[in-house]
Each structure stands twice: as structure tokens, then as C-alpha cells.
Amino acid sequence: VGRARLPPLRPAVLAGPVCPSLVNGFVSRQMLQVLDGQADVHTVVANSTSILRYYHICQMIWSQAETYLEEKDQERAYVQYKKFAKMYLHVICEHNAYNVKTYQKEKFQYKRLCKDALAKIGSLRTAINERYDRAAAAGMQTEKSPPEVIATTTKQTVSSAPDSRGAHGTPDLTSNENESVEDRFALLRIPSKTRVASSPAATSAGPKSPSYPASSISLKGQRQQRQEANTNNRSKNSTQAFGGLRKVFLPSSLTKRFMSYAKKNTRKGVETCGVLCGKLSNNQIHISSCIIPPQSGTANTTVTQGEEKLISLQISKGLLTLGWIHTHPTQACFLSSIDLHTQFSYQVMMPEAIAIVMAPTDKRMQEGTFSLTTRGLSVLKSCKRTGFHQHPDSGTMYRRAAHVEVTKEKTIFYDLR
């Protein structure tokens with residue numbers, strides 16, 4: 001929920017006597033300012049994108065808010081409810097299909113949810129105010145500074161802040177990129193890698209030779225390093241600071257099972273793709289499902305259909321969109337320019353979203369789990385080119401997804417083809 005953190009407060013060093021009520025009010029206001037900043041939504045409506053996609057994004061935000069509220073994580077629930085309200089009022093309500101008769105059911109459903117969200121925002125704001133004021137007062141009475149109390153109250157969000165670099169020295173992804181980027185919802189249809197007619201800015205000749213991310217390692221090495229880096233991190237309450245990427249748990253059997261579903265296409269040298277879905281629990285994300293939508297493909301592209309059916313299934317099962325998986329049956333394990341733009345669309349919607357590439361013919365690395373770097377997000381935010389094209393130094397635009405941990409959990413597959 002963003003990377004801003006509370007600056008240290010030391011009322012004891014202020015000149016003159018300090019009024020406890022003034023200090024308490026300042027602490028709570030400061031925390032609410034931080035949370036309000038994380039709830040910003042800077043998007044412009046793209047009417048070419050189905051309003052159902054926007055409704056689905058709202059549903060994902062609502063689902064996370066409800067989970068956080070149930071887990072009594074008031075700060076994160078507050079942020080998500082506020083994001084939901086802003087998304088509905090400032091984006092969906094501006095869509096040209098908002099009043100279309102076809103979508104009246106969704107209109108009134110989310111209108112009611114928005115009223116509910118606004119009510120919960122008010123009650124949570126009051127509760128957070130009171131709790132932080134009590135914590136600050138208790139800190140003064142016991143000669144503790146308020147920050148120490150606040151750090152404890154917010155699940156060690158200040159004292160246990162992770163380093164800004166990843167587990168292996170790679171730059172960490174700034175999770176609030178999605179709150180400042182330009183609108184790219186036209187890309188949020190499902191993981192389609194649509195072929196585009198060649199133009200001066202794009203070519204359909206196919207992807208250029210692979211540019212591996214600097215931290216690429218073998219599949220076995222990836223799994224071993226993930227397990228080592230994430231030992232003892234699966235506590236009930238995540239100790240990540242506000243703004244850190246949430247942990248993503250990926251079932252070890254998912255990729256092998258996906259390849260069995262893609263076997264027929266892989267034999268013919270045709271790509272196959274699927275959508276990774278799951279749920280949020282204790283501020284950690286668990287990939288539990290893979291949906292394979294209706295699609296057609298070539299050796300280096302896939303085109304998916306049936307968006308409404310896909311969204312309907314996700315909503316009915318309460319599933320969050322957590323990334324995508326696709327094959328490179330005849331190519332190396334890397335993200336092409338089209339793959340990068342597709343991943344951008346997922347990561348804008350969910351900062352923890354990942355891209356898994358399966359490349360059975362690549363002797364160096366047959367499987368990779370990637371996410372965009374801060375530089376990659378910045379470059380793709382301003383790149384308007386389509387089709388296969390080159391990005392400068394594309395190997396630094398994505399990296400191994402260090403926030404992913406492989407587990408022995410099971411995966412449910414939904415084949416909609």
C-alpha cells in the first residue's frame with residue numbers, strides 16, 4: 001500500500017512543556033496523512049476498455065479491504081476502502097458505458113458497495129485516530145516515545161522495514177508506482193499478446209533475441225534461493241512495512257500441471273497462456289488457481305477471448321488476479337517487448353503480480369518467474385509502441401520476482417477453452 005513511512009516523532013525533545021492531547025492528535029493525524037497518500041488513485045478513463053474490467057478491478061480492491069477488516073488490520077482496510085470509493089466515483093462513474101442498460105445490475109451493486117465503503121472509511125478513521133492517540137498517550141506515560149508504540153501497533157511496520165533492495169542485492173520494486181502512472185487500462189483485458197500490423201513503430205517479425213534479466217538463474221537455483229531468502233517469513237502477521245511488496249506463495253506443482261494443459265500446443269510450437277489467481281490472507285498472497293481462457297496462438301503470440309466469462313468466474317470464486325503464465329515453446333526464457341507491456345498491465349493493477357515463462361527448449365533456464373523493476377515500470381509507462389519492438393537495455397526492465405516463495409500448496413485449474 002505504498003512506500004511512505006512515518007517519520008520519527010520525539011515529543012520529549014521539543015522545547016517547553018508538551019501538552020499530551022496535542023501530541024496525541026498530531027500522531028494520529030500524521031498516520032492518517034500517510035494512509036490517505038497510499039489511497040490516491042490517479043487514473044483517466046479509457047472508454048475503449050470494457051467497463052466490466054473496471055468493475056472487476058473494484059471487486060479486487062473490495063475483496064482485499066474486506067479481508068483486512070476481518071483480520072482487524074484497520075490501516076490497510078482503510079486504504080483499500082478509500083481506493084475502492086475513489087475508483088468507483090472518479091473512474092467508473094466517468095465511463096461512457098456507466099448508464100448503459102446492459103450494465104445496470106453492476107451499476108447499482110457497486111453503488112451500494114460505495115456507500116458502504118464510505119461509511120466504513122468514516123468509522124475506521126475514527127477508530128485509527130483513537131487507537132493512535134491512546135498509543136501515544138501510553139508512550140508518554142511510560143516515558144516511551146510514540147514511534148516505538150506506533151511501530152508495535154502497526155505490526156512492526158516502522159522498526160522492521162525491509163531494505164530498499166531485494167534479497168539478493170537487486171533493486172526492490174516500488175509498490176506505489178501504480179498510483180502515479182498514466183492510465184494503461186486498455187492493456188488490462190487478460191494476458192493477450194495481440195499481433196499488430198507492422199508500422200514504423202512496430203513489427204510483426206517476431207521478438208528480438210532474448211535479453212535475460214541480470215539476476216537470471218536456473219529453475220533449481222531460483223527455488224533454492226527463494227526458500228533460503230524466505231525462511232521463517234510465514235508468520236501469521238506479516239512484518240513488512242507499509243509500502244513493501246506482500247509475499248506471494250506459488251505452488252510448486254503449478255508450472256508442471258500447466259505444461260500438461262499446454263502439451264498439445266507445445267508440441268505444435270504454439271504458445272499457451274493462463275491467468276494466475278488467488279486470495280489474500282494475513283497480508284500475504286496465495287496463488288491457488290490458474291484459469292486458461294479461450295485463446296488462439298502462434299509460435300510467439302497468443303490472443304485470448306471470453307473476457308466476460310473469465311471475469312464472471314473470478315468474481316464467483318472470489319479470486320484476485322495475481323499475474324499470468326505462458327509458454328515459449330520454441331524460444332528462450334525471457335520477456336519479449338509485448339510480454340513486458342502485458343506484465344505492466346498486471347503490475348499496475350496489483351504491484352505483486354508476476355509473469356511466469358515456460359521455455360522447454362531453453363537449456364539455460366526452462367522456467368522463470370519475473371516482475372518489472374522500477375525502471376521497467378517507468379519506461380513502459382511512457383512507451384506507446386505496440387507489437388514487437390526494442391526497449392533500451394531491456395534486461396534491466398525486469399528481474400526475478402524475489403517476493404515469491406514456492407510452497408507445496410495445491411492449485412485448481414479452470415480450462416475454459
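This is a chat about a predicted model of one protein chain.

Reader: Okay, I'm new here. How many helices and strands does the protein have?

Author: There are 11 helices and 11 strands. Keep in mind that this is a predicted model.

Reader: What's the mean pLDDT, then?

Author: The mean pLDDT is 77, and 68% of the residues reach 70 or more. Over residues 143–204, though, the pLDDT is below 50. That stretch still has 178 contacts in the model beyond near neighbours in sequence. Residues 226–241 also have pLDDT below 50, with 42 contacts beyond near neighbours in sequence.

Reader: How should I read places where pLDDT is low?

Author: Where pLDDT is low, the predicted coordinates should not be read in detail.

Reader: Got it. What share of the protein counts as buried?

Author: Of its 417 residues, 56% count as buried. The accessible surface comes to about 18,200 Å², and carbon and sulfur atoms make up 53% of that.

Reader: Let's switch to charges. How many salt bridges are there?

Author: The count comes to 10 salt bridges. One of them pairs the side chains of D36 and K82, at 2.8 Å from N to O. D36 sits in helix α1 (residues 20–38) and K82 in helix α3 (residues 74–90), so this pair links distant parts of the chain, 46 residues apart.

Reader: Are D36 and K82 buried or exposed?

Author: D36 is buried, with a relative accessible area of 18%. K82 is buried too, at 19%. The cut-off for buried is under 20%.

Reader: What does E75 pair up with?

Author: The side chain of E75 meets that of R131 in a salt bridge, 2.6 Å from N to O. E75 lies in helix α3 and R131 in helix α4 (residues 104–141), so the pair ties together parts that are 56 residues apart in sequence. E75 is buried, with a relative accessible area of 4%.

Reader: And what about D73, which side chain does it meet?

Author: D73 meets R76 in a salt bridge, at 3.1 Å from N to O. Both D73 and R76 are buried.

Reader: Which way does β2 run against β3, parallel or antiparallel?

Author: Antiparallel: strand β2 (residues 273–281) and β3 pair over 7 bridges. One example is L280, whose bridge partner in β3 is I285.

Reader: What's going on in the hairpin of β2 and β3?

Author: The hairpin has 2 residues between the strands, and N282 takes a positive phi near 55 degrees.

Reader: How about β1 and β3, parallel or antiparallel?

Author: Strand β1 (residues 248–251) runs parallel to β3, and 2 bridges join them. F249 has H286 as its bridge partner in β3. Strand β11 (residues 412–415) pairs with β3 as well, in the parallel sense over 4 bridges.

Reader: What joins β2 to β6?

Author: 6 bridges do, and the two strands run antiparallel. L276 stands opposite G323 in β6.

Reader: How many residues of β6 are buried?

Author: 8 of the 8 residues of strand β6 (residues 320–327) are buried, so the strand is largely enclosed by the rest of the structure.

Reader: And how many bridges join β6 to β7?

Author: 5 bridges join β6 to strand β7 (residues 354–358), and these two run parallel. W324 has A355 as its bridge partner in β7.

Reader: Which helix does the chain pass through from β6 to β7?

Author: The chain goes through helix α10 (residues 337–349), and this β-α-β crossover is right-handed.

Note on methods:
Residues are numbered from 1 along each chain as its sequence is written. This is a predicted model: local features need pLDDT of at least 70, side-chain atom pairs count only at pLDDT 80 or more; totals for chains, interfaces and linings use all residues. Side-chain values use heavy atoms; hydrogens and water are left out. A salt bridge is a side-chain nitrogen of Lys or Arg within 4 Å of a carboxyl oxygen of Asp or Glu. Buried means under 20% relative accessible area, exposed over 50%, partly exposed in between (1.4 Å probe, protein chains only). Two strands pair if DSSP finds at least two bridges between them. pLDDT is the predictor's confidence in each residue, from 0 to 100. Contact means heavy atoms within 4.5 Å. Accessible areas come from the Shrake-Rupley method with a 1.4 Å probe; for residues, only the protein chains shown count as cover. A crossover is right-handed if, with the strands pointing away from the viewer, the path from the first strand over the helix to the second runs clockwise.
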